[in-house]
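Me: I would like to go through the domains, the chain interface and the pockets of this model. Please take them in turn.

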Amino acid sequence: MPKHDNNISRTSKIRMLKVAPYIFTAPFVIYFLVFFIYPITSTFWTSLCQQVGFAPPKYAGLANYKLLMDDYFKMAVQNSTLYTFFTCLILIPLPLFLAVLLDSKFVVRAEIFKSALFIPALTSVVMAGLFFKYAFSSNPAALMNSFIGLFHIAPQGWLEKRTTTWIVLVLFCVWKWLGVNIVYYLSALQTVPKELYEAATIDGANAWNRFRHITVPGVKPTIIYVLTISIYGGFSMFAEAFTLFNSARTPGDIGATIVSYIYAQGFNRNNFGIASAAGITLLAGVMIINIIQLKITDPVGKRND
Amino acid sequence: MTKKKIGLTILGTLVVGIFAVVALMPFFFLFISSFKPGSEMIRNGLQFKFDFENYSLVNYGLIKTERDGIYLKWYVNSIVIMVIQVALGLFFSSLVGYGLAKYRFKGRNLIFVLVLMVMMVPVEILILPLYKEINSFSMIDTYAGVVLPFIVPATGVFFFRQFASGLPTEIMESGRIDGCGEFGIFFRLMMPIMLPAYGAMTILLAMGSWNSMVWPMIVLRTSEMQTLPIGLQSLLTPYGNNYDLLLSGAVMSVLPIMVIFLLNQKTFIAGMAAGSVKG
């Protein structure tokens, strides 16, 4: 750009100032239309059609949604919901507790532990899945079975029963995300004024009361954030179950999740209509949760400036 | 230090230490197993026993020899896809994020709400229609098919918007006085001061790309085109006898990341946590 074109045309510059933001944001708008709105609209349309594979679709009303009411889909929804519930139950308080501990003066070499706890987040699901699959092997001499053997619990066929399968999957999730959530909480803890703790201590508040009345309110935005991503991750979980069973289908559907249902119906059975109906149902659920979340936190209003 | 304090310090370190050991356990056991025949792990599971005299580097040799070096092809594919995805993702998301942060224009809030919406909808819901779309573009089994649906990462837009909001607007003003155009201001003045944001986003996007499985698995059909996660996953078929490569391959896929992480822990953690710049 030449340096001395100030007087060339003021008007064209002012026009540029008006146009520039639209050019800057255009990539997202195009992306949004092509890879978000279009796929969602097409899913919605497909969910109302009878379509097998790439054959032309035939309008079929809500037939696919009625077909969704089978045991397989119910199992998938139930599994995903319980998984989300239990991962939230662990992955919200436990990392907070560990973050407070790491932030306190009661842990030596906290930096090393922080890094060690963070490392699982760097691995692919495939690699971590290898460990979980074979550490929880049904062989009595395998890692987990010999561990529970110390407490005189009989060896389990972990991935053969529904309850134990989901224990493995929840542990998998906790293992992978614990460190990341600790990092979120640690950075939130730095924003809580230290004077508050000192004042509370002088007033005679014990550790639990300081935690409850100063720490928890201080990191509340992060708690809400962790809750949001945990719900998001919980309901969209698929890769973990896929690697454990090496398939979207599992014997007796014990490992089914909502997304594995979509995948199996769409890619293994070519039932695009039913798969799309499941997708739209999940989307509706996610949207309801998000709207509630947006209402509570109001990111647009607050971040406007 | 009082006795009580010493006791609490031992207890605190012990609790955190136990969690840290559990966090590192999978790496330890997979690393140990990678020196033994893969079929042993498949048959007997991972066990707490170490028969060091049977260890060998045979599995690591397979990295070069198995099916004419198919593993190295996966490695190259993973790197190429990661580089393209990160470069384009950084470019577009910084452009949009900066535009949203630094200009007041009609539709700004709407676009930002749409960004949040994309961030909040799990992409897994869209795999089916995206597959059909990419198929209609004849991009199945190509790098482009893997990258295109994630070319403007919403998390990136959100992050760059937050970052750019905190930058002084005076720089833009002085740029305009000096005769810089709006794009000159972005590329010459703002991009350099946004470098920390680029650093953090590079790590977040690169890790996402390197480890992503579901979408590449759908798009990449032939073995020669696959990336590390899906290539390794494909070795787990009941018919295959490639379990030996599975273990050494898994170790080699994570080793470089571990090394880079250990050298830049602070940047890495900041980058991975960048998704949470809220409130």
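Me: How many residues of domain 2 of chain A are in contact with domain 1 of chain A?
Reply: The model is predicted: local features need pLDDT of at least 70, side-chain atom pairs count only at pLDDT 80 or more, and totals for chains, interfaces and linings use all residues. Residues are numbered from 1 along each chain as its sequence is written, chains are lettered from A and ligands numbered from 1 in the order in which they are written, and side-chain values use heavy atoms, with hydrogens and water left out. Chain A is divided into domain 1 (10-59) and domain 2 (69-302), with bounds from an automatic or database domain assignment. Contact means heavy atoms within 4.5 Å, and nine residues of domain 1 of chain A meet, in domain 2 of chain A, eight residues.

Me: How much area do domain 1 of chain A and domain 2 of chain A bury between them?
Reply: The centres of these two domains of chain A, taken over C-alpha atoms, are 32 Å apart. The count of salt bridges between them is zero, a salt bridge being a side-chain nitrogen of Lys or Arg within 4 Å of a carboxyl oxygen of Asp or Glu. Buried area is the accessible area (1.4 Å probe) that two parts lose on being put together, summed over both. Here 75% of it is on carbon and sulfur atoms, and the area is about 720 Å².

Me: How much area do chain A and chain B bury between them?
Reply: The contact takes 94 residues from chain A and 109 residues from chain B. Zero salt bridges are counted between chain A and chain B. Carbon and sulfur atoms hold 76% of the buried area, which comes to about 9,400 Å².

Me: Which element gives the most residues to the lining of the largest pocket?
Reply: A pocket is an open set of points on a 1 Å grid over the protein atoms alone, where a 1.4 Å probe fits, with protein on both sides within 12 Å along at least five of seven lines; lining residues have an atom within 4 Å of a point. The largest pocket holds about 1,000 Å³ of space, and among its 24 lining residues A:Val100 and A:Arg210 are two of the closest to its centre. The lining has 13 nonpolar, four polar and seven charged residues. The most, six residues, come from α1(B).

Definitions and conventions: Points joined across faces, edges and corners; volume = space filled by probe spheres on them. Helix = DSSP H or I, 4+ residues; strand = E, 2+ residues; numbered from the N terminus. Nonpolar A, V, L, I, M, F, W, Y, C, P; charged D, E, K, R; others polar.
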